[in-house]
Every structure is written in C-alpha cells, then in structure tokens.
Amino acid sequence: MRVLFWGTPDFAAPSLRALIGEGHDVVGVVTQPDRPQGRSRSTLVPPPVKEIALAEGIPVLQPDRPRGEEFLGALRALDPDISVVVAYGHILKQDVIDLPRRGTVNIHASLLPRWRGAAPIQAAILAGDADTGISIQRMVLQLDAGPVLHEARVSLRDDITGGELTEGLSELGAEAIVEALALLELGAIAERPQDEALATYAPKIDRAMARLDFRRSAVEVARAIRAFDPRPGAWG
C-alpha cells in the first residue's frame, strides 16, 4: 500500500519504522519544520521522523501549514493510497483528509471516545483509568470523532508514569497500525462509529495544569506526579 505518513515527535517514530519494515511503500513524510534549539536558538534540529525518512530515502515535506494549492499538488504527485497520521501537530483540512484513495487514518493514544484531544495519556493516569490503549480511527474534521477501525488495549499499572506510558503506547501504536492496514487490505474491517454520549476530552497540558493541589487526596496528588513525569513536571 502507498502510504503518506504524517508525524513529528519521537512518539511517531516507531509507527514509521513499522510501516517501512512491513514493506509498505511510504511515498512521503509530512512533518513540521526544523525548530531552533539550544541556548542561542541558532541550531535547527529536525524532527525525529524526518531523520528516519532521510535515512530511508523518503521524500520529506515540511510546510508551515498543511494547506494551499502548491502543497496539495505536491501531495497529489506522491499518489498515496492512504494517509497515516500520528502526533503531526496540525489540524488537517477536508481536502487534505480526502486526497488519498482510501482516506486518512489517525493513531490516537486512547480508547476512543474516551480522551479525545491533545493529552490522552496524562488524562488516563490522572483519572485513575484501569486501562487505555490505541485507537486507529478514520479522520474527520471534528476532533478525534471519526469511526474506529481497530484498537489495542493495555492495562495501566498503579505506578506508571506519563513517560513510561507514552513510550509503551508509541510501540503499541506501531503494532496496531500495521494490523489495521493488513485488515483494511483484506476488507476485514468493520468501522465502529463512536458513541458521542461517552466522549471525554483531554486538553493540551501547560505548566499551570501541572501544579500540585495538596487539598486533594494523596491518591490524586500521586497520580498528578506520575502523569506529568517527565514533562512538564509536577510542581507545588
């Protein structure tokens, strides 16, 4: 299958490696622009998925915003069967979502419709969820609201941190997308619409949200410490 891959951080890297390893024809990678780092902000550092793509000889696109006729023309030239999105960092417009023949799917780090949004991993720990997982969902314009094609579930340890869960779900997401595409090629997927009545949301985390409230129970404080480890780091 001709796959157009969208992703930026370390979380996306295992999925890209898995698609390449399974023999999918990854025709291009769309990622965010290189960002300045270091004290002087003079060194541009490429996203992790860009480094993988360049090592594999895969074309890389790094638009400031994924829109416009020139960008769409570049996507059409790649002729993808499907787009796979994981932690790309921008909302896609409908014409971009619809461009591949088989549409666009997203690797989301929760069991949808629970914890739609930017920080599902931290939200699951903060809520004391017994389990979480990966959802492969068909992308629509509404946030994380598309039908689910495939999911993989994992139990949450009582002492797991946000960093540990992020690493584990990044690997689980890689396994899940390979399985989902195999089932899709076989015509063996029945897409499951999400129940809107069960939807919960996990907003983007900032440093203020990581401030500890010692008026809460010891269990809740401990969950916050674990959820925000290592970033942004709980503080009080």
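This dialogue walks through selected features of one predicted model.

Trainee: What should I know before reading the model?
Mentor: The model is predicted: local features need pLDDT of at least 70, side-chain atom pairs count only at pLDDT 80 or more, and totals for chains, interfaces and linings use all residues. Residues are numbered from 1 along each chain as its sequence is written, and side-chain values use heavy atoms, with hydrogens and water left out.

Trainee: What do buried and exposed mean?
Mentor: Buried is under 20% relative accessible area, exposed is over 50%, and partly exposed lies in between (1.4 Å probe, protein chains only). The areas come from the Shrake-Rupley method. Helices (H or I, at least four residues) and strands (E, at least two) are DSSP runs, numbered from the N terminus. Now take helix α3, residues 69-78. Phe71, Leu72, Leu75 and Leu78 are buried there. They lie on the same side of α3, because they cover an arc of only 115 degrees around the axis. That arc is taken from the directions from the helix axis to the C-beta atoms.

Trainee: Which exposed residues does the face of α3 turned away from its buried side carry?
Mentor: Glu69, Glu70 and Ala77.

Trainee: How do I read a salt bridge?
Mentor: Look for a side-chain nitrogen of Lys or Arg within 4 Å of a carboxyl oxygen of Asp or Glu. By this rule there are 14 salt bridges. One of them joins Lys50 and Asp34, with the closest N and O atoms 3.1 Å apart. This pair links distant parts of the chain, 16 residues apart. Lys50 sits in helix α2 (residues 48-55), and Asp34 in the loop between β2 (25-30) and β3 (35-37).

Trainee: Is Lys50 buried or exposed?
Mentor: Lys50 counts as buried, because its relative accessibility is 13%. Asp34 has 23%, so Asp34 is partly exposed.

Trainee: Which residues are linked in a network of salt bridges?
Mentor: Asp131, Glu151, Arg153 and Arg192. Within this group, the side chains of Arg153 and Glu151 meet at 3.4 Å, N to O. Elsewhere, Arg157 and Glu164 form a salt bridge at 3.1 Å. Arg157 is partly exposed at 43%, and Glu164 is partly exposed at 38%.

Trainee: What makes a charged surface patch?
Mentor: Patch residues have over 30% relative accessible area and no salt bridge; like charges are joined within 9 Å. Nonpolar side chains (Val, Leu, Ile, Met, Phe, Trp, Tyr) are joined within 5 Å. Lys and Arg count as positive, Asp and Glu as negative; His and the chain ends are not counted. Each charge is placed at NZ of Lys, CZ of Arg, CG of Asp or CD of Glu. Here, Glu167, Glu171, Glu175 and Glu179 form a negative patch. Glu175 belongs to helix α6 (residues 162-186) and is partly exposed at 47%. Arg35, Arg65, Arg67 and Lys93 form a positive patch. Lys93 lies in the loop between β6 (82-86) and α4 (94-98).

Trainee: What about the backbone?
Mentor: Most residues other than glycine have a negative phi, and most peptide bonds are trans. Ala87 has a positive phi, near 50 degrees. Trp115 also has a positive phi, near 60 degrees. Trp115 lies in the loop between β7 and β8, and is buried at 13%.

Trainee: Where are cis bonds found?
Mentor: One runs from Leu112 to Pro113, with omega near 15 degrees. Another joins Arg231 and Pro232, with omega about 0 degrees. Pro232 is in the segment after α7 (218-227).

Definitions and conventions
Areas by Shrake-Rupley, 256 points an atom, 1.4 Å probe, with all protein chains shown as cover.
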